[in-house]
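Please consult the sequence and structure shown below.

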Amino acid sequence: MSPLQITLIVIVVLIAVTALITYFVRNKYYKQIDDLDKEKNEVLDQAPYDELKEVSEMNITGQSLEVRKKLEKFWHEIKAEKYPQLENYLFDAEQATDRYRLTESKRHQEAAETMIAEIKSDMAELQKSLQELIEREQANLEKIDAIKKRYHEVRKSLLAYSFSFGPASESFEHKLRLMEDDFTEFSEYTVSGDHEEAKAVVQSLSEDIEETEQQMDKVPPILDLVDETYVKDLEDLANGYEEMMAAGYLFPDDTIEADIQALEQERKHIYESIRALELDQAKKEADALALEIEKLYQKMEVEIEAKPKVLALLEDTKKAIYYLADESRRLAINVNRIAQSYILNHQEEEKVEELDEQVKEAREDYDVIEDRVKHPALPFSVAHHQLQELFDRLDYYNEKYNQILDYLEDYRAEELELRDGMLAMEEAMYSMKRRIENERLPGLPDDYLELFFSTTDRVEQLAAELSRPKIQLVDIRQLHQICAEDVAQLEEMTEEVIRQVELTERVSQRLYRYKDSHKGILETIRYSESLFNDDYDYETALRLVREKLENVAPGVYEEIVQTYEEENQQEN
């Protein structure tokens, strides 16, 4: 078979397959269009024809008539505009399928589906609105009947418990009369067939009766506060104020009587808000009044609670003044006594005199407060504040007295401490002298002797200062510090001299063992002895024999030192 024949066969097959596919697709599209056409007819069959007929025959006027016209117009739009448009979409889809314009056909089918869904929604809305219009009269009658029952219950409560509503009774009566007018208006609209307007009246009545019921629930609790609680509170405040004034109580910036009268006016003003049925405002005013009443109660309670505190504090303050006056006298005697033996360093005499004056001034302040309390001229709360400040001042003075007393006690304690330190230094000097003598040295280095004698002189000077009839502890303390530092330094030098002497002897003995095996050892030892015995240069003498020993026997010097230190530790 030639290539041309094969190509022709392939072309024929492709044409056949394409034609077959096209056939099946067109049939599918025709079927979809038929299904949409059936759904269109079903939607149209579901149109609320009966409701439209019933509404058209209803005897209605006013707003109800307007509603019917809108619904009829809505139905006309569906039937005369949307339904023909749906027909066009289906026709165009079929025409496009005939011409093999399948994409265009699909677009028209989708538009038809959207329109069918829209018409379905419109039909449901139309049917619901028609049904509501048909049932409007009955629904209004049922609602108005329920409202009338609630209305009669409200009127019954108002008649039976009018005293519970106070100035709001007239306002409630006025609202009920307006509701009666609304009931009449509802009947007129219903009779005339304007059920939409009747529905608006029903809604208004429902809101009014709901509001009235809520207001009638709110009024009695507010009136109970205003007529019972607050009246009693204000009477109690007025009576309490009179009793307290008769009992000698006073108040800072006393405006309580005027405040009570102002609160009484505020209480009466709440009636105006209740009469106007401004109940939220009335509740706010009632709450604010409660807070103001509580403030007045607290103002009185402050004075009542302050009185026993003032009486107790008067007694405590008097005792404190007497105590400090006696303390001032005793402290002055003590200062004079200590001043005989010591030069005072903290201006104790001046401070005692100053404190004595301050205590006298405190006594004068106390007398003024006490007099004003006993002959009511001062509120107890103010008196308590002033007494507390005065008592705190006295407590501060007492701390100052104790501080001066501590200073006085420190003089003797410090003197004893300095004397103990001096004795300890004398003992240390004697101990160092004895240790040096026990070493039987040929002599001592000049710097050691200089420090020893200067330290001895200072310690003797310290003893002389402490022996004076009247001592200056500040100067003695400085001298004591210098002596202590000198003694410490002398102890270090003593230890070092003894250490050098003993190590020189031990190292020289060990070095002597190597005189036959190493040259120059005897010469080193002899030179070291010369420095030791003639110049008292124990440091250089030790260094010579140490260096020579380290040359001939490395490590031996460290052993000698370790042994020496261990022996000293055991002795100590």
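## Overall architecture

The protein's secondary structure consists of 15 helices and zero strands; helices (H or I, at least four residues) and strands (E, at least two) are DSSP runs, numbered from the N terminus. This is a predicted model, in which local features need pLDDT of at least 70 and side-chain atom pairs count only at pLDDT 80 or more, while totals for chains, interfaces and linings use all residues. Residues are numbered from 1 along each chain as its sequence is written, and side-chain values use heavy atoms, with hydrogens and water left out.

The protein has 572 residues, of which 36% count as buried (buried means under 20% relative accessible area, exposed over 50%, partly exposed in between; 1.4 Å probe, protein chains only). Among the contacts in the protein with a separation of 6 or more, 79% join residues 24 or more positions apart (contact means heavy atoms within 4.5 Å).

Gln340 is located in the loop between helix 8 (279–339) and helix 9. Gln340 is exposed, because its relative accessible area is 58%. Leaving aside residues up to four places away in sequence, Gln340 touches Pro469 and Lys470. Gln340 and Lys470 lie 130 residues apart in sequence, with a C-alpha to C-alpha distance of 6.5 Å.

## Glu349 in helix 9

Glu349 belongs to helix 9, which spans residues 348–374. Glu349 counts as partly exposed because its relative accessibility is 37%.
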